[in-house]
Amino acid sequence: MRPVIPYVTAALLFGLGVYGVLRRRNAVLVLMAVELMLNAVNLILVTADTTVRAALPHSGQVFALFVIVLAAAEIGVGLAIVLQLYRLRASVTVDDVPLTEAAAGVAADRGEGDT
């Protein structure tokens, strides 16, 4: 089997995921782009497992299962954060999220967030 086609497909999927993370403003779409990147890594792991003779058999498939479990946990935590963001800001736009403590402190000084 020639591994060129799966590797090129994985590279395209990973490139689309990187583009989605860098260009999207909606937090749910950013999570979907991260999932694309994780699926590209899974494709590379399984392809490498079938084409390369390794000391441990089926190690690529085991790592792919770990990536799938990691992706499920990431989606659970990510969607919880997005839901909390929507409850606080009524928007899931990534540009509106304060990234520093100073910005969060200013919001607390104005009386936002505390009840």
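Hi everyone, let me start with helix H3, where Gly60, Ala64, Val67, Ala71, Gly78, Val82 and Leu85 are buried; buried here means under 20% relative accessible area, exposed over 50%, and partly exposed in between, with a 1.4 Å probe and protein chains only. Helices are DSSP runs of H or I, at least four residues, numbered from the N terminus.

Before going on, a word on the source: this is a predicted model, where local features need pLDDT of at least 70, side-chain atom pairs count only at pLDDT 80 or more, and totals for chains, interfaces and linings use all residues. Residues are numbered from 1 along each chain as its sequence is written, and side-chain values use heavy atoms, leaving out hydrogens and water.

So what do the buried residues of H3 pack against? Their partner is helix H2 (27-51), with contact meaning heavy atoms within 4.5 Å.

H3 itself covers residues 59-89, and its 31 residues reach 44 Å from first C-alpha to last, close to the expected 45 Å; that expectation is 1.5 Å times one less than the number of residues. Just after H3, Ala90 has a positive phi of about 60°.

Now to H1, residues 4-23, which supplies four residues, the largest share, of the nonpolar patch. On the surface, Phe14, Val18, Val21, Leu22 and Val41 make up this patch, with about 390 Å² of accessible area together. Val21, in H1, is partly exposed at 31% relative accessible area.

Finally, confidence: pLDDT, the predictor's confidence in each residue from 0 to 100, averages 83 over the chain, and 86% of the residues score at least 70. H1 is highest, at a mean of 93, and H4 (residues 101-109) lowest, at 61.

Conventions:
Patches are made of residues with over 30% relative accessible area and no salt bridge: like charges are joined within 9 Å, nonpolar side chains (Val, Leu, Ile, Met, Phe, Trp, Tyr) within 5 Å. Accessible areas come from the Shrake-Rupley method with a 1.4 Å probe; for residues, only the protein chains shown count as cover. A salt bridge is a side-chain nitrogen of Lys or Arg within 4 Å of a carboxyl oxygen of Asp or Glu. Helices (H or I, at least four residues) and strands (E, at least two) are DSSP runs, numbered from the N terminus.
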